[in-house]
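Welcome, and thanks for taking a look. Here is a short briefing to read alongside the model.

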Amino acid sequence: MLDYVTSYLHSSLTPGQAGNWLWALVYILVIFAGVSGIVIVMNWGERKALAHMQVRLGPMRVGPHGLMQPIADAIKLLTKEDIMPSEADKPIFWLAPVWVVMIAFSVFIVVPFGPTHAVTDMNIGILFMLGVSSLGVLGIVMAGWASNSHFPLMGALRSSAQMVSYEIAMGLAVVSAIVMTGLGGIGPYGIGSGAGSGTLSMIGIVQAQAQQHVWFIFKFFPVGLVAFFIFAVAMIAETNRAPFDLPEAESELVAGFHTEYSGLRWSLFMLGEYAGMVAVSSIAITLWLGGWLRPFPSTHGPAINIPFLWEHPEQGVVDFAFSFAPALVMLALAFFSFFNAMRMPKHPLLKIQTIGLYAFGLVLAGVGLILLAPPVRDRIQDIFWFVFKIACFMYLYIWYRATWPRYRFDQLMKVGWKVLLPLGLGVLLVTGIIGLGPEIAAWLKGVV
Amino acid sequence: MTPVAPTFFFYLLSTVAVVGAILVITRKNPVHSALSLIFTLLALAGLYLMLYAPFVAGVQIILYAGGIMVLFLFVIMLVNIERSQREVQFNQQWHVGIIASLALGFLFLYVYKHGSSIFPVNPVSMPEPMNTQQVGMALFRNYLLPFEIASLLLLVAIVGAVVMAKKRI
């Protein structure tokens with residue numbers, strides 16, 4: 001039994017591939033807890049960032065700078081009365097939030113947080129992610145229909161139309177990135193032998209970027225960038241976020257498809273929505289932003305193709321310098337909270353809050369110091385960069401919401417079908433033509 | 001990797017598929033029928049995975065469960081449920097239907113009993129990690145022309161649907 005547990009520690013495979021169910025379970029639990037943690041942080045961060053962008057303070061009462069606000073919210077939601085409309089379709093009304101959460105979390109089975117840090121690696125990885133996340137819309141449709149009310153039904157209709165339209169543009173953008181995995185050349189314009197050994201596996205896609213020494217967003221510049229742009233727009237529409245939040249447009253439809261939901265069921269919808277945001281962001285990160293790779297992948301040390309980067313101290317100087325990034329980020333956050341604790345007004349009522357902020361800063365500094373230790377520092381690298389990129393995407397989501405007004409529905413459809421779809425087809429064609437460049441040139445020579 | 005408890009999962013997935021399929025035709029509410037059909041399709045995707053065909057399973061989920069069923073529900077949600085629940089569920093042809101399905105069932109039983117020479121007992125197993133690549137090679141190298149003709153047919157159908165639905169473009 002002990003051998004079974006420890007044998008995986010020296011494996012270079014994901015637990016799913018190694019067939020180790022125990023470690024697979026551990027990974028599932030850790031990823032579940034981690035994503036829930038991101039949702040909690042996002043709950044606080046979104047309100048805080050939105051408030052600062054609108055020159056407000058945001059939550060300030062519960063804990064220092066409102067840091068305990070998510071916990072207070074969770075207690076409120078759990079103790080609220082759970083209302084089910086009497087005319088609702090009860091089994092489907094019950095199933096809808098469960099379905100949304102299940103779908104949102106099951107996508108994370110294939111998300112690679114590192115070369116070995118995924119529950120499993122599938123041959124159809126990206127196809128699985130797109131397919132399963134497209135099932136999420138069924139939960140919204142179920143919720144809207146089962147509520148037996150007008151606003152939810154309108155929200156569900158809008159949601160299904162929107163998601164089906166944007167999935168096509170999204171798929172085309174994804175295909176152009178997958179075509180790039182088959183072009184083995186090095187550098188932004190590198191074209192290899194063109195043997196066509198592309199891959200759909202999430203880990204394989206990141207490894208292709210590592211071997212080509214370029215993130216696919218910079219591949220065939222600006223082709224990769226345009227594909228990423230299409231995906232980034234479709235991604236916001238898929239997750240029903242502003243400026244594409246028509247299914248829950250509060251000025252038109254009250255709260256859209258979840259108008260009739262309250263308490264725990266409503267919070268499940270919220271959990272599903274934010275977990276879905278993390279999921280689509282991690283698709284974008286894996287396909288275009290190099291997954292777990294740190295910035296400047298062309299300067300990687302010699303050990304880049306080996307899953308155990310930390311067992312090879314002869315890595316380059318750049319790798320060594322970048323390995324301090326996680327600790328530095330943590331220490332910067334600690335410094336920030338110390339700075340704000342010192343700026344707190346000296347008032348007896350704020351004494352506990354000030355102490356709490358100091359304590360929070362101490363915890364962050366402690367984590368930062370632990371991350372400085374060489375074994376931890378090297379092992380945490382890939383996970384850190386993946387989560388850091390997710391955090392950037394989450395901040396962008398908040399930024400979009402604060403900046404752009406909501407689209408009108410016909411404008412939304414026009415953007416999806418008349419702009420993004422032709423653009424996606426064009427990007428796919430251009431990628432193929434550049435990728436097959438040598439072959440096409442040889443063929444033309446033969447004709448002429 | 002070797003599959004875990006294949007017998008158990010086969011019976012689990014087949015039960016879900018069969019029960020879902022029965023619910024599709026017995027439920028009076030069309031939305032309930034459509035949701036049961038989704039469960040059937042998902043169970044079938046699981047069966048494809050067990051047959052070492054991950055690409056077919058992925059396409060099954062992304063196209064049928066994710067795309068087509070959403071459009072089904074989209075249309076069904078606009079149907080007047082009260083009227084559809086009052087209508088007679090099975091039409092007068094169910095006698096014929098039972099005879100046809102029994103005949104098909106006996107055919108399956110006969111093939112199962114005597115057809116062991118037609119179907120190999122140990123089918124050639126495709127290496128799972130390269131399944132998608134092999135499907136791609138087959139479609140775009142060996143069978144490119146049939147593939148393109150099929151997609152042209154679909155394109156004609158799409159154009160036809162648009163022309164019939166929208167008289168003035």
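**Chain A and its partner**

In chain A, residues 24 or more positions apart make up 75% of the contacts with a separation of 6 or more; a contact means that two C-beta atoms, placed from the backbone, lie within 7 Å. This is a predicted model, where local features need pLDDT of at least 70, side-chain atom pairs count only at pLDDT 80 or more, and totals for chains, interfaces and linings use all residues. Residues are numbered from 1 along each chain as its sequence is written, while chains are lettered from A and ligands numbered from 1 in the order in which they are written.

**Overall fold**
- Chain A has 17 helices and zero strands, taken as DSSP runs (helices: H or I, at least four residues; strands: E, at least two) numbered from the N terminus.
- Its C-alpha atoms fill a box of roughly 75 × 55 × 50 Å along the principal axes.

**Where chain A touches chain B**
- 22 residues of chain A are in contact with 22 residues of chain B.
- α6 (125-146) and α7 (150-181) of chain A each supply at least two residues of that side of chain A, and α6(A) gives the most, with eleven residues.
- By class, this side has 16 nonpolar, six polar and no charged residues (Ala, Val, Leu, Ile, Met, Phe, Trp, Tyr, Cys and Pro count as nonpolar, Asp, Glu, Lys and Arg as charged, and the others, Gly among them, as polar).

**A helix pair in chain B**
- α2(B) meets α3(B) through residues including B:Leu41 and B:Leu42 on α2(B) and B:Tyr64 and B:Met69 on α3(B).
- The contact of α2(B) with α3(B) has 21 nonpolar, one polar and no charged residues.
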